Amino acid sequence: MTEDAGVGEEELLTIGAFAARCRLSAKALRLYDRLGLLAPAYVDEVSGYRHYRAGQVEQARLVALLRQLDMPLARIAEVVEAGGAEGAELLAAYWADVEARLARQRTLAEYLRGRLSGRSSEMYGKFVVETVDVPERVVITETRHTLADELPAWIGASLERLERAAPECGGVSAPPYVVYHSEVSMESDGPAESCVPVADEAAAREWAGRQGRTWETAVRVEPARRLAYTRISKAQVAHPQIIAAFEAVEEWIAAHGLTQAGPCREVYFADWEAAGPDDPVCDVAFPVR
């Protein structure tokens, strides 16, 4: 069968012959077709038989190998379509994401082993908890329902937007922070609220009025509070280290006969980009009474 089938001069193979040459099963090839990853070169309108070009062998093998990496179908399609050096770069980027995720999961597994084996107090003992009184503050805020995987990017972007707006509101008057009004995880989406303290309440309310609901922005007055907190490094902000920090503060609050008086928060007092992994950047805090 050649160009009579409307597909050019290149040799066409039945699905069985093509599968043998690719070292794949016909079932796998039918699956790749259904998933949009490798379409036959020609399908007989009467019999429905699939035929492939001999030149598609390499693509079929590539798809099979990429699937062994648990790569999402959309990413496989991108790599195959790009091919060459660009495809290699896409693969490298995907694998870097995989290794980062595995590193986080490895750390989480170690943390959970500690909890299950009763070593929680040992882990919590690494955190020094103190209290601080903070005055009433005017804050400009941005609120969003977000899952844990999107949270770091949103925190960075929202705080940047608010800090850019701060000069219109009298300037930044204290370190920015993020309040968690409900749990943020892969199953729970908060909401979380980014907050930047500013000096001029009237100017802040004028600014908020101009924003509308574009970024769920608002102005509010945060009452004076006493915070129980522990200071953590940039490396410890990652999960699950930060979970252990929150739990250490909660344990300290209970042990000292105090009561939580509001949602937990992360106070970012250092330049994130300039900080190294071991530099302190964040206070994990709970309002208490």
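Which residue just after α5 takes a positive phi? G118 does, with a phi of about 80°. The structure is a predicted model, in which local features need pLDDT of at least 70 and side-chain atom pairs count only at pLDDT 80 or more, while totals for chains, interfaces and linings use all residues. Residues are numbered from 1 along each chain as its sequence is written, and side-chain values use heavy atoms, with hydrogens and water left out.

The helix α5 covers residues 84-116. Helices here are DSSP runs of H or I with at least four residues, strands are runs of E with at least two, and both are numbered from the N terminus. The expected span of a helix is 1.5 Å times one less than its number of residues. The 33 residues of α5 should therefore span 48 Å, and this agrees with the 47 Å between its end C-alpha atoms. G87, Y94, V98, Y111 and G114 are the buried residues of α5, where buried means under 20% relative accessible area, exposed over 50% and partly exposed in between, for a 1.4 Å probe and protein chains only. For G114 the relative accessible area is 0%. Between G114 and Y42 there are 72 residues in sequence and 58 Å in space, C-alpha to C-alpha.

An open sheet of three strands has the order β1-β3-β2, with antiparallel pairing; two strands pair if DSSP finds at least two bridges between them. At its edges are β1 (12-14) and β2 (42-43), each pairing on one side only. The antiparallel pairing of β2 with β3 (residues 50-53) runs over two bridges, and V43 stands opposite R50 in β3.

Some backbone angles deserve a look. Most residues other than glycine have a negative phi, and most peptide bonds are trans. R23, in the loop between α1 (15-22) and α2 (26-34), has a positive phi of about 65° although it is not a glycine. R23 is exposed, with a relative accessible area of 63%. D70, in the loop between α3 (57-67) and α4 (73-82), also is not a glycine and has a positive phi of about 60°. D70 is exposed too, at 65%. The peptide bond from G190 to P191 is cis, with omega near 20°, and P191 is found in the loop between β6 (177-180) and β7 (192-198).

The largest nonpolar core has 42 residues. Such a core is a set of buried Ala, Val, Leu, Ile, Met, Phe, Trp, Tyr and Cys residues joined through side-chain atoms within 4.5 Å. Those with the most contacts inside it are I140, I155, Y180, V198 and I232. Among the elements that each supply at least two of its residues are β5 (137-144), α8 (201-211) and β11 (280-288), and α9 gives the most, with seven residues.

The largest pocket has a volume of about 1600 Å³. On a 1 Å grid over the protein atoms alone, a pocket is an open set of points where a 1.4 Å probe fits, with protein on both sides within 12 Å along at least five of seven lines; lining residues have an atom within 4 Å of a point. The volume is the space filled by probe spheres set on the points, which are joined across faces, edges and corners. Of the 39 lining residues, A148, L151, P152, V237 and H239 are the closest to the centre of the pocket. The helix α7 gives the most to this lining, with seven residues.
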